[in-house]
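Biologist: I am new to this structure and would like to know how its descriptions were reached. Could we go through them one by one?

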Amino acid sequence: MAKKSKKKNKKTKKAKKNKKKTKGVRIKIEKQKKAKNKKGIGIVYLGLGSNVGDREEYIEQAIFLLGKNSHITVTKHSGNYETAPEGGANQPPFINTTLEIRTKLSAQKLLDVCQEIETTLGREREIEWGPRTCDIDILLYDDQVISGGKLQIPHPLMHERLFILKPLREIAPNAIHPILEKSIAALYEARKAELGEKYDDELPGFKEIKGGGYDDYERW
């Protein structure tokens, strides 16, 4: 009986030791996963607009400069749309488009990059809602909700603007607005219903001027 007891104790100790090792490995894996998530790549949606000079060229240049950044990969590009200005009415119509990008940059650093590109392309900020060579807005960054200073994510007016929702629906119809908890497709349909036929596809106030595609940016 004593021998059996000793064997049993050895087995119990061995089992506990193995369990401890397994637990240690599990904790290590969980730590690795957390570290990997911290270094993870975010999915971001951007809205671009231009109503000064060669509007399409400014949009193309902005996409090119975004893609040149080693921390940004442009993965989707909607069609380009010409829309009437909603700020100061006495200005040319806009060209609007949306992009999906993948990036390791934080939201704040991405904002800095976008503003640097706007400045490079001659953006002037003297008149609010005024004409601009290029405007780059962060619409969504994963499911983050950020409110502080110049950085507001999701974009606070995106759900009211068809010139954002329509092209964004092309590339991300199922993306969810983290505050309103509705898909982009649902937000688009709801806003279009509110405005009636103001932005009907056949009217000149909102027309697609150039077909887009997921890899259009590669041509530039």
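Modeller: Let us begin with what a helix is here: a DSSP run of H or I with at least four residues, with helices numbered from the N terminus. In this predicted model, Glu194 and Arg191 both lie in such a run, helix 5, where they are 3 residues apart, about one turn of the helix.

Biologist: Why is Glu194 called exposed?

Modeller: Exposed means over 50% relative accessible area, and Glu194 counts as exposed because its relative accessibility is 57%.

Biologist: How many salt bridges does a search of the whole structure find, and which residue forms one with Arg55?

Modeller: The search finds 4 salt bridges, and in one of them Arg55 is joined to Glu82, with the closest N and O atoms 3.0 Å apart. Arg55 lies in helix 2 (residues 55–68) and Glu82 in strand 3 (residues 80–83), so this pair ties together parts that are 27 residues apart in sequence. Glu82 itself counts as buried, because its relative accessibility is 15% and the cut-off for buried is under 20%.

Biologist: Arg102 forms a salt bridge with Glu100; what makes Arg102 partly exposed and Glu100 buried?

Modeller: The closest N and O atoms of Arg102 and Glu100 are 3.4 Å apart. Arg102 has 35% relative accessibility and therefore counts as partly exposed, since that class lies between the 20% and 50% cut-offs, whereas Glu100 is buried because its relative accessible area is 3%.

Biologist: Why are helix 4 and helix 5 called oblique to each other?

Modeller: The axes of helix 4 (residues 162–171) and helix 5 (residues 184–195) come within 9 Å and cross at roughly 140°. Roughly antiparallel would need an angle over 145 degrees, and roughly perpendicular covers 65 to 115, so the two helices are oblique. Helix 4 passes helix 5 in a left-handed crossing, and the contact includes Leu162, Leu165 and Leu168 of helix 4 together with Ile184, Leu187 and Leu195 of helix 5. By class, the residues of this contact divide into 8 nonpolar, no polar and 5 charged.

Biologist: How far apart are Asp137 and Leu48 in sequence and in space?

Modeller: Asp137, which is found in strand 5 (residues 135–141), is 89 residues from Leu48 in sequence and 6.5 Å from Leu48 in space, C-alpha to C-alpha. Leaving aside neighbours within four places in sequence, Asp137 is in contact with Tyr45, Leu46, Gly47 and His155.

Technical notes
Residues are numbered from 1 along each chain as its sequence is written. This is a predicted model: local features need pLDDT of at least 70, side-chain atom pairs count only at pLDDT 80 or more; totals for chains, interfaces and linings use all residues. Side-chain values use heavy atoms; hydrogens and water are left out. Axes are lines fitted to C-alpha atoms, for helices over the stretch in contact, and angles run from 0 to 180 degrees between N-to-C directions. Angles under 35 degrees count as roughly parallel, over 145 as roughly antiparallel, 65 to 115 as roughly perpendicular and the rest as oblique. A crossing is left-handed if the near helix is turned anticlockwise from the far one by less than a right angle, and right-handed if clockwise. Contact means heavy atoms within 4.5 Å. Ala, Val, Leu, Ile, Met, Phe, Trp, Tyr, Cys and Pro count as nonpolar, Asp, Glu, Lys and Arg as charged, and the others, Gly among them, as polar. A salt bridge is a side-chain nitrogen of Lys or Arg within 4 Å of a carboxyl oxygen of Asp or Glu. Buried means under 20% relative accessible area, exposed over 50%, partly exposed in between (1.4 Å probe, protein chains only).
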